[in-house]
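Look at the sequence and the structure first, then read on.

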Amino acid sequence: MTDPNKVIINVALFGMTSGKSSAGNILLGSTDFHSSFAPCSVTTCCSLGRSCHLHSFMRRGGREVTLQVQVLDTPGYPHSTLSKKHVKQEVKEALAHHFGQEGLHLALLVQRADVPFCGQEVTDPVQMIQELLGHAWMNYTAILFTHAEKIEEAGFTEDKYVHEASDTLITLLNSIQHKYIFQYKKGKSLNEQRMKILERIMEFIKKNCYQVLTFK
């Protein structure tokens, strides 16, 4: 029987090769995913991580609700050793295996805020999300801007950063109804970062009426 006082959300990470696994670990509050600096792509296969239970995370229907997060880490693309065909097939099979029946609540595109969003390298992961999630992809996609302290150091507010973004990024943000999150590491504990990101993710999921994408 489903526990009415517990919510499980399913999130898949997409993007280039840098920072996805680290972002996944923050969401989980653990070190489930291998993350390290390397001159080449580190993640070569999909991996599912589950968080511990976050008791009294929110209220729903007048009741305190426990939250658990399931995160699917995926190989980045473009990848230093794997072809697009290989990465796409790997992620497609993992989505079907882990979220085939339960469904996916959100695809999180991980993007460094201090790296310009332009060129084929940044549009390739978006294209892969579109191909894997289908015509409704924009309802289930959000962007996580990591290293947000860098734009703060450069004198940008979040609004100014988005307003002065590249045409490519602005078009994407318009498509996904401006669902984005800035992750600040400087001066914030991992738990603070985690809770802020999860609160924003839950806002997106609630706005989408807790709908999910299923995979066969």
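## The largest cavity

The largest cavity is lined by F14, G15, T74, P75, G76, Y77, V87, V91, P125 and M128. The model is a predicted one. The volume of this largest cavity is about 50 Å³. Three elements, β1 (6-15), α2 (84-99) and α3 (120-133), each give at least two residues to its lining.

What classes of residue make up the lining of the largest cavity? Seven are nonpolar and three are polar, with no charged residues.

## The second largest cavity

Counting cavities of 30 Å³ or more gives two. The second largest cavity has a volume of about 40 Å³, and its lining consists of F182, Q183, Y184, K188, E192, Q193, K196 and I197. In this lining, three residues are nonpolar, two are polar and three are charged. Helix α7 provides the largest share of the lining, four residues.

## Helix α7

Helix α7 covers residues 190-207, which is 18 residues. At 1.5 Å a residue the helix should span 26 Å, and this agrees with its end C-alpha atoms, which are 26 Å apart.

Which residues of α7 are buried? They are Q193, R194, I197, L198, I201, M202, F204 and I205. Seen down the axis of α7, these buried residues fall within an arc of 160 degrees, so they line one face of the helix. An α-helix has 3.6 residues a turn, so residues three or four places apart point the same way.

After α7 comes C209, with a positive phi near 60 degrees.

Notes. Residues numbered from 1 in each chain as written. Predicted model: local features only at pLDDT ≥ 70, side-chain atom pairs only at ≥ 80, totals over all residues. Heavy atoms only, no water. Expected span 1.5 Å × (residues − 1). Buried < 20%, exposed > 50% of the residue type's maximum accessible area, 1.4 Å probe, protein only. Arc of directions from axis to C-beta. 1 Å grid on protein atoms, 1.4 Å probe; cavity = no way out; pocket = protein on both sides within 12 Å on 5 of 7 lines; lining within 4 Å. Points joined across faces, edges and corners; volume = space filled by probe spheres on them. Nonpolar A, V, L, I, M, F, W, Y, C, P; charged D, E, K, R; others polar.
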